[in-house]
Amino acid sequence: MKKYFSGKKVMRMICLLFSVGILLYMYCPVSVLAAESETHLTGTTDERTNRREPGESESQDELKELNIGNTFTITYNDGNGQLNGSLRILITLTLIALAPTLIIMLTSFTRIIIVLHFTRAALNTQTAPPNQVLIGLALFLTFFIMQPTFQEVYDNAVIPFEAGEMNQQEALEEGLKPFRQFMYGQTQERDVRLFLEISDTEWGGDLDGIPTSVLIPSFIISELRKAFIIGFYIYIPFIVIDMVVASTLMSMGMMMLPPTTISLPFKILLFVLADGWNLIIGSLVKTFY
């Protein structure tokens, strides 16, 4: 008997029974109370979600009482057209996530950044200026060029929407109009006709007849074409310097010396003497006016 009922085993059994008793005591009252509270507050599932049987609703008010527990609604503050705080945060986060795409596709950013990269490649300075500087310069130039468009969107769409003078659909349409006008002014007609033919859409020759889904890719293609044309003109003087340096080194018998190493200082000197950044940035910005 001592072998089977030692002191340690007895203590373990007592502790186990005591723990089980505490768990049962804690669980049972909470479960009963939760069940009573749920039945008292919400009732049964049929009573909570089906206040009217399907097919019995004859008016709009009666229709609202059908499956009221399964509906999802979005309301405005005080009925004046203003979004509540939670929806404002949701819309703000969504715009922040889409901001890079909107900046690249709907503004002058594409042409500017491509021209700046062509300039650096023509100088053959590798990472000078670095990508961060080029992107920052392109962003500020984009804000400068697009400032009238942004201001028009704010005046015609944001302020009336905040004041409750228009709904979401009207605000979206009014806010998109300045961007459409800007893109249409920078888009070539042949690019518009290309996507209209692909989408099999008739066009009367004006902006109103162009869908936004057609205008955006047409604008991007036009921006790429213009940026590459500007990049070609930027390359010409630097190619001449490379050719002169290469011919000089070959005539001197220095064929093993890389021409790019010798031509780089002359390129930088020419660029500085001609005030290259002023010429390129000024000419680039003027292409949008």
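1. A quick word on terms before the details: buried means under 20% relative accessible area, exposed means over 50%, and partly exposed is what falls in between, with a 1.4 Å probe and protein chains only. Glu189 is partly exposed on that scale because its relative accessibility is 44%.

2. Keep in mind that this is a predicted model: local features need pLDDT of at least 70, side-chain atom pairs count only at pLDDT 80 or more, and totals for chains, interfaces and linings use all residues. Residues are numbered from 1 along each chain as its sequence is written, and side-chain values use heavy atoms, with hydrogens and water left out.

3. On to the overall layout. The chain has 11 helices and two strands, where helices (H or I, at least four residues) and strands (E, at least two) are DSSP runs numbered from the N terminus. Read from the N terminus, the order is α-α-α-β-β-α-α-α-α-α-α-α-α. The chain has 289 residues, and 26% of them count as buried. Contact here means heavy atoms within 4.5 Å; among contacts between residues at least 6 apart in sequence, 62% join residues at least 24 apart.

4. Now the surface. Accessible areas come from the Shrake-Rupley method with a 1.4 Å probe, and for residues only the protein chains shown count as cover. The chain exposes about 20000 Å², with carbon and sulfur atoms supplying 66% of it. Ile229, Phe232, Tyr233, Ile236, Val240 and Val244 make a nonpolar patch of about 600 Å². Patches are built from residues with over 30% relative accessible area and no salt bridge, joining like charges within 9 Å and nonpolar side chains (Val, Leu, Ile, Met, Phe, Trp, Tyr) within 5 Å.

5. Salt bridges next: a side-chain nitrogen of Lys or Arg within 4 Å of a carboxyl oxygen of Asp or Glu. The whole structure has five of them. Arg193 and Glu189 form one, at 2.8 Å from N to O; both residues lie in helix α8, four residues apart, or about one turn of the helix. Arg193 is partly exposed, at 40% relative accessibility. Lys177 also bridges to Glu174, with the closest N and O atoms 3.2 Å apart. These two are about one helical turn from each other because they are three residues apart in helix α7. Lys177 is partly exposed at 42%, as is Glu174 at 26%.

6. Which residue does Asp242 pair with in a salt bridge? The partner is Lys267, with the closest N and O atoms 2.9 Å apart. This pair links distant parts of the chain, with Asp242 in helix α9 and Lys267 in helix α10, 25 residues apart. Asp242 is partly exposed at 24% relative accessibility, whereas Lys267 is buried at 3%.

7. Then the rings. Rings of Phe, Tyr and Trp (its six-membered ring) pair if their centres lie within 6.5 Å; planes under 30 degrees apart count as stacked, over 60 as edge-to-face and the rest as tilted. A search of the whole structure gives eight aromatic pairs. In one of them, Phe150 and Phe179 have ring centres 6.0 Å apart and planes at 55°, so the pair is tilted. It links distant parts of the chain, from Phe150 in helix α6 to Phe179 in helix α7 (residues 168–186), 29 residues apart. Phe150 is partly exposed at 32%, and Phe179 is buried at 14%. Phe271 and Trp277 make an edge-to-face pair, because their planes are at 90°, with centres 5.3 Å apart. Phe118, Phe228 and Tyr235 form one aromatic cluster.

8. Finally, a few backbone spots to check. Most residues other than glycine have a negative phi, and most peptide bonds are trans. Ala128 and Pro129 are joined by a cis peptide bond with omega about -5°, and Pro129 lies in the loop between α5 (109–123) and α6 (131–162). Asp200 is not a glycine, yet has a positive phi of about 55°; this residue is in the loop between α8 (189–198) and α9 and is exposed at 67% relative accessibility. Asp275 also has a positive phi, near 55°, and lies in the loop between α10 (259–273) and α11 (276–286).
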